Amino acid sequence: MNTGVPLIYFLILAAIMFFAGVYGFLTRRNLITILMSVELILNSVNINFVAYNRYLYPHKLEGFFFSLFVIAVAASEAAVAIAIIINIYRRFTTINVEDVDTMRY
Amino acid sequence: MNILSLFVLIPVLTITGIVLIKDMRQVKIVASIGMGLQLLLSALLIFLYVSARHAGDTAEMLFIKDIVWFKSLNIHYAVGVDGISVAMIGLTSIVVFAGIFASWELEFLTKEFFISLILLATGVFGFFISIDLFTMFLFYELAVIPMYLLIGIWGSGPKEYSAMKLTLMLMGASALILVGILGIHFNSAPDGGQMSFNILEISRIKIPMKAQYIFFPLTFVGFGVLGALFPFHTWSPDGHSSAPTAVSMLHAGVLMKLGGYGAFRVAMFLMPEAAHELAWIFIILTTISVVYGAFSAIVQKDLKYINAYSSVSHCGLVLFAILMMNQTAMNGAIIQMISHGLMTALFFALIGMIYSRTHTRLINEMGGLMKVIPFLSVCYVIAGLASLGLPGFSGFVAEMTIFAGAFQHPDLFHRIMTIIAITSIVITAVYILRVIAILLLGPATNEHYEHLTDAKWYEKVSTITLISFIVFIGLAPFWLSSMIRGSLQPIISKILALNPF
Amino acid sequence: MVTFTYTVWILLIPFLMFILLGLAGHKLKPKLSGLLGTSGLAVITALSYITAYLYFFQTEKIDGAFQKIIAYNATWLQLTDDLHIDIGVLIDPISVMMLIVITTVSFMVHIYSLGYMKGEKGFERYYAFLSLFSFSMLGLVLSTNIFEMYIFWELVGISSYLLIGFYYQKPSAVKASKKAFIVTRFADMGFLIGILILSFNTKTLDFITLTDPAGPAIAQGSGISFMGLSVMTWSMIFVYMGGVGKSAMFPFHIWLPDAMEGPTPVSALIHAATMVVAGVYLVARMFPIYALAAPAALDVVAYVGAFSSLFAAVIACTQTDIKRVLAYSTISQIGYMMLALGVSGYGGHEGLGYMASMFHLFTHAMFKALLFLGAGAIIHAVHSNYMNDMGGLRKYLPITHITFLIACLTISGIPPFSGFFSKDEILAAAFSHNKILFAIEYAVAGITAFYMFRLYFNIFWGEDTRYEHTPHEAPVTMTIPLIVLAIGAAVSGIIPFNKLVTSDSKAFESEIEWGIAVPSVLIGLLGIGIAYIFYGKKSSLPDRLAATFKYTYKWAYNKFYIDEIYLFITKKIIFRYISEPVAWFDRHIVDGTMNAIATVTQAVSFRIRGFQSGQLQKYVYVFISGAILLAVIFIYLWH
């Protein structure tokens with residue numbers, strides 16, 4: 001029914017975005033960059049939602065709505081996360097994630 | 001309202017009262033009123049129980065109340081008492097009452113202390129009235145947890161170490177008990193049908209022998225840890241010596257009895273067949289407890305350690321007698337629990353009072369106290385004499401019933417073990433008289449002691465309450481003995497069916 | 001038919017008196033407490049004499065035998081269906097005889113103590129303990145079953161403990177009381193085991209059933225055997241162990257000499273006249289079982305008695321503390337009684353030894369109490385226990401002197417005093433049964449006369465020691481008991497025991513056997529003569545003799561080192577080699593295992609805590625690897 005771009009392209013794009021996000025999350029030391037990586041992961045999930053919805057259940061809208069939810073949650077999460085990061089900066093005067101290891105044994 | 005539920009309700013109300021109070025002085029008053037009521041209530045319960053029996057009520061348990069609590073697992077809030085539980089409830093209320101007065105001078109976090117203490121008592125009362133294994137276990141845990149706080153916060157010496165050790169060992173024990181209880185539960189319907197937690201129901205069926213061989217040792221050891229079964233007794237000396245006075249009293253006087261009572265009510269009562277087969281192992285262990293505790297007590301230097309080891313010896317006798325599996329010995333075991341509960345509480349109360357005056361518990365540092373604090377010293381002598389089994393005090397009644405019963409066992413092995421256990425009466429005399437001689441008699445060793453004051457009124461209340469019950473049981477044991485004897489009939493008939501002598 | 005229900009009061013009065021004096025004594029004036037105690041005892045003394053009169057002369061005999069009457073009995077504790085401990089009152093010849101002995105001596109001691117203990121601190125406590133003792137001792141002799149006897153047996157033990165340690169600030173008294181209690185407690189353990197064996201095999205605790213010669217108990221018990229001896233023999237040997245402890249026979253005699261640390265009237269009452277003969281009474285009470293079902297145990301009784309009497313008599317010759325001399329003399333005399341029981345048979349003239357033993361118990365109670373009270377009067381006068389501090393006292397203490405002399409003559413078996421009669425019967429019984437034991441006792445009779453007169457001459461004759469205060473005669477409260485007991489000691493020999501207190505409660509004929517009596521009097525006189533030569537005047541003979549037999553003397557003087565052996569066993573073996581290792585084992589092995597478990601747990605958690613590094617990205621790394629791993633497993637390996 002769909003003659004345009006095949007589904008698999010969207011999935012590959014989402015996978016690349018996801019692993020780029022994971023890679024960024026694991027390798028970056030800056031908290032802001034980590035947050036950005038998280039956004040990448042979330043958005044890769046959004047792409048998956050939308051793509052599956054469009055290709056598998058074109059008459060339903062749950063996938064779209066869910067991605068809207070994710071966007072909303074991601075926005076608020078970004079707000080909270082940045083607030084936390086600012087607090088961490090005030091407390092530790094750094095936003096390097098390796099220096100913030102108070103919660104250990 | 002069922003009279004038994006009051007035993008849990010009154011402490012809970014007392015705790016609520018204490019929480020609401022602002023004035024620290026009133027805390028003690030509320031606590032003592034609450035526990036005084038509890039004491040009266042147990043007197044009433046004993047009266048009701050005895051008169052019901054006289055009126056010819058032959059039910060196994062009286063005052064039964066059964067409320068479904070958790071339907072899908074068939075857990076009930078089920079209470080009921082027989083002569084044994086009535087006796088134990090009586091003991092608990094006496095000891096708690098005396099314990100409140102023994103901690104009258106406590107200044108540090110008074111409110112929290114009394115709350116924990118009464119919470120502990122709630123657990124103990126609940127344990128004794130329950131006839132549902134799960135409820136029983138719940139109350140058991142309720143009694144163990146406050147112990148950690150009581151020792152860890154208000155204790156002395158290496159209190160964190162002792163509290164942690166005690167709690168961990170008792171928790172380990174309760175893991176065994178939980179496994180045992182669940183094992184009993186899942187085998188409580190061998191022929192299909194609803195599985196049960198109710199002791200009375202389970203006691204009517206025969207748990208498959210395979211299950212019994214696994215779960216009897218688990219349950220018995222689990223409760224045995226609490227009853228200071230060798231070699232799982234080491235929490236007791238450390239715990240006792242670090243605990244504050246009232247906690248030592250309650251601990252040795254009542255909490256250790258949960259072990260004996262549980263071993264009897266759960267392990268023996270529900271699985272007599274396995275008990276009969278495996279008793280010899282535990283008889284050896286308990287005989288070791290009896291003699292070993294006594295020998296250890298001889299060389300101890302700290303008053304509380306002496307008493308803790310003496311408790312190991314005396315509580316060993318309780319388990320020893322239960323394992324003898326005949327009516328007289330078991331009767332003796334229950335009397336021994338009560339008797340030991342009373343006199344060890346008296347001991348710990350007195351040790352606490354002496355400690356608060358001399359600020360030491362090492363016997364070698366004290367001497368000649370008889371002259372300066374005659375009242376406390378005389379009480380100490382009485383406690384000592386009761387502990388070494390002098391006629392006229394409860395200890396004699398208990399020990400003689402145990403020995404006479406145990407020696408009636410047709411098997412020679414059991415009788416030889418009894419003779420070994422009997423030697424403890426001599427060793428007990430040695431360490432008791434040693435302490436009395438060093439601590440109380442002789443010339444006063446320290447001129448600083450000249451100014452010590454004798455017992456205050458609340459200390460007198462505490463000690464006199466305990467002494468009067470010790471003497472009462474010692475002089476007139478027949479009523480207690482007959483009350484317990486009747487309640488042993490069900491288990492005895494099960495054992496007799498097993499092994500007609 | 002005479003009823004004896006009132007005899008319950010014989011037990012109740014001293015008990016109530018104990019409660020009263022014990023609880024309220026310190027609020028009363030000391031003198032009032034003393035008088036209360038004494039008057040209570042006066043009442044029970046009167047009751048006892050009435051009982052004796054009614055029992056021996058008014059109660060009908062059946063088949064010429066005195067009946068055992070249960071005056072009162074109530075179940076105190078139900079043990080098994082068959083066994084129950086009763087508290088009751090049993091009236092039979094020996095218990096009535098003991099009633100007379102106990103109340104008489106106790107009453108005298110109560111009066112005596114009014115003078116002797118005057119002004120002592122704790123006067124009311126003293127009388128409370130005396131009441132407790134009277135109660136327990138009377139309960140012991142009136143017991144209807146063996147367990148009741150055990151109860152009172154323990155109670156006399158504790159009253160003895162309390163009274164020996166009366167001067168509780170004196171370390172030696174504290175030590176002595178502890179020793180007395182623990183030694184007798186050890187023996188009581190044997191008694192308890194004996195009771196248990198007995199009850200296991202006979203299914204009864206009741207004395208009347210147990211000791212019925214034709215009854216089931218004796219028949220049942222003698223059948224079963226264990227390790228070559230019948231269980232009856234075993235149980236009787238164990239029961240006798242209790243008797244050995246309480247009666248201070250070898251090897252449990254060590255507590256009695258030390259027990260002299262107590263006030264002297266207490267020594268007279270408890271450690272001479274009444275409590276220490278409880279062992280004899282016990283054997284007499286169980287006598288049918290010993291004689292009919294456990295003759296081997298009876299031989300043990302005889303040999304232990306004979307050995308103790310000789311052993312103690314030898315030690316008594318060397319001691320210098322007058323109370324200790326008397327204590328060893330008590331051991332020796334009780335040995336006599338045990339021996340007499342041991343050589344006795346059951347029934348008729350066979351039971352001569354039994355009768356003699358009871359007779360000697362009676363006379364011994366009189367003269368030994370007299371000796372102790374006399375010693376008390378002497379100590380009261382010179383404030384010392386040692387005979388080296390005494391001498392020439394006959395001028396100062398005339399009444400004490402005369403009464404003491406009577407007592408010495410009585411114990412030496414010189415006619416017409418009572419000791420002559422009872423000792424003669426014992427020797428006659430021993431002669432007809434066992435010649436070796438007879439020879440030993442014969443020698444002991446001589447030694448007894450020697451050491452008693454050694455004591456007598458040293459105290460009352462010899463040179464006048466220079467006293468700081470001139471000794472004066474004791475007050476009248478102390479001399480009256482001396483006189484009463486002296487009369488008792490002198491004339492009680494005429495009581496016809498063979499008509500009243502016999503093994504089967506039937507009268508039998510016995511006469512003084514002059515063939516035995518005359519030599520025994522002669523050997524007594526010989527002993528007195530030697531004592532006179534040695535100690536009547538100042539003489540170096542004893543010292544030279546002691547120097548010649550240096551080692552023998554030293555051994556006897558140190559009581560054959562039995563105390564040291566005990567000390568070695570208790571201090572070295574029990575404390576050092578049992579208790580301390582046990583305590584060490586508990587702290588280090590048992591507790592160490594528990595701690596080791598905790599330590600191992602802790603070490604393991606130290607190792608694995610590295611996972612909690614606090615590095616956020618490490619956590620995520622592990623998390624993602626795990627997720628991928630799971631995904632791989634689920635996708636490729638699950639099928």
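**How the chains meet**

Chain A and chain B do not touch, and their nearest C-alpha atoms are 20 Å apart. For contacts, the rule is that the C-beta atoms of two residues, placed from the backbone, lie within 7 Å.

Let me state the conventions. This is a predicted model, in which local features need pLDDT of at least 70 and side-chain atom pairs count only at pLDDT 80 or more, while totals for chains, interfaces and linings use all residues. Residues are numbered from 1 along each chain as its sequence is written, and chains are lettered from A and ligands numbered from 1 in the order in which they are written.

As to confidence, the predictor assigns the complex an ipTM of 0.91 and a pTM of 0.88. Chain C has an average pLDDT of 86, with 97% of the residues scoring at least 70; pLDDT is the predictor's confidence in each residue, from 0 to 100.

I turn to the interfaces. Of the 2 pairs of chains that touch, chains B and C have the most contacts. Here 37 residues of chain C are in contact with 40 residues of chain B. On the chain C side, β1 (69-78), α5 (146-164), α6 (171-202) and α25 (562-608) each give two or more residues. The largest share, 13 residues, comes from α6(C). Helices (H or I, at least four residues) and strands (E, at least two) are DSSP runs, numbered from the N terminus. By type, this side of chain C has 24 nonpolar, 7 polar and 6 charged residues. In that division, Ala, Val, Leu, Ile, Met, Phe, Trp, Tyr, Cys and Pro count as nonpolar, Asp, Glu, Lys and Arg as charged, and the others, Gly among them, as polar.

Between chains C and A, 10 residues of chain C are in contact with 10 residues of chain A. The chain C side there divides into 4 nonpolar, 5 polar and 1 charged.

Finally, a local feature of chain B. Strands β1 (residues 62-70) and β2 (residues 75-81) of chain B run antiparallel and are joined by 6 bridges; strands pair if DSSP finds at least two bridges between them. B:Leu62 has B:Val81 as its bridge partner in β2(B). The two strands form a hairpin with 4 residues between them, and B:Asn74 in the turn has a positive phi of about 60°.
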